[in-house]
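Keep the view open beside you and take the points in order.

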Amino acid sequence: MQTCYQAMLAHPKERVVVLKIGDVANLSLLLHGTPVHGFGTGTGNMLMDGWVWRNFS
């Protein structure tokens with residue numbers, strides 16, 4: 001997915017940071033002329049999904 005971010009969102013002069021929040025959140029740093037740097041940050045929506053499931057199922 002990070003390569004997709006590079007293709008869609010990279011800017012020739014600005015740094016771009018992409019935060020994707022799903023079950024696990026991911027952070028990607030896009031710098032012109034360098035490979036994409038990214039990593040998982042841990043739980044994203046998992047805690048909220050669990051709470052909603054327990055309270056509204």
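1. Let us start with M48, which you will find in helix α2, the helix covering residues 46–56. Please keep in mind throughout that this is a predicted model.

2. Is M48 buried or exposed? Its relative accessible area is 54%. Since exposed means over 50%, M48 counts as exposed.

3. Together with W51, V52 and F56, M48 forms a nonpolar patch. The accessible area of these four residues together is about 480 Å². If you colour M48, W51, V52 and F56 in your viewer, you can look at this surface patch directly.

4. Next, the overall plan. The protein has two helices and three strands, and along the sequence they follow the pattern α-β-β-β-α. The radius of gyration is 15 Å, well over the 10 Å that the globule rule gives for 57 residues, so the protein is more spread out than a compact globule.

5. Taken along the principal axes, the box filled by the C-alpha atoms is roughly 50 × 15 × 15 Å. Of the 57 residues in the protein, 14% are buried, where buried means a relative accessible area under 20%.

6. Now for the sheet. Its three strands lie in the order β1-β2-β3, and the sheet is open, with antiparallel pairing. Which strands stand at the edges? They are β1 (16–20) and β3 (37–43); each has a single partner strand, so one side of each is left without a neighbour in the sheet. From one strand to the next, the twist averages 15 degrees. As background, strands of a sheet pair through backbone hydrogen bonds, in either a parallel or an antiparallel way.

7. Strand β2 spans residues 24–30, and its antiparallel pairing with β1 runs over five bridges.

Definitions and conventions
Residues are numbered from 1 along each chain as its sequence is written. This is a predicted model: local features need pLDDT of at least 70, side-chain atom pairs count only at pLDDT 80 or more; totals for chains, interfaces and linings use all residues. Side-chain values use heavy atoms; hydrogens and water are left out. Patches are made of residues with over 30% relative accessible area and no salt bridge: like charges are joined within 9 Å, nonpolar side chains (Val, Leu, Ile, Met, Phe, Trp, Tyr) within 5 Å. Accessible areas come from the Shrake-Rupley method with a 1.4 Å probe; for residues, only the protein chains shown count as cover. A salt bridge is a side-chain nitrogen of Lys or Arg within 4 Å of a carboxyl oxygen of Asp or Glu. Helices (H or I, at least four residues) and strands (E, at least two) are DSSP runs, numbered from the N terminus. Buried means under 20% relative accessible area, exposed over 50%, partly exposed in between (1.4 Å probe, protein chains only). Two strands pair if DSSP finds at least two bridges between them. Axes are lines fitted to C-alpha atoms, for helices over the stretch in contact, and angles run from 0 to 180 degrees between N-to-C directions. The radius of gyration is taken over C-alpha atoms; the globule rule is 2.2 Å times the number of residues to the power 0.38.
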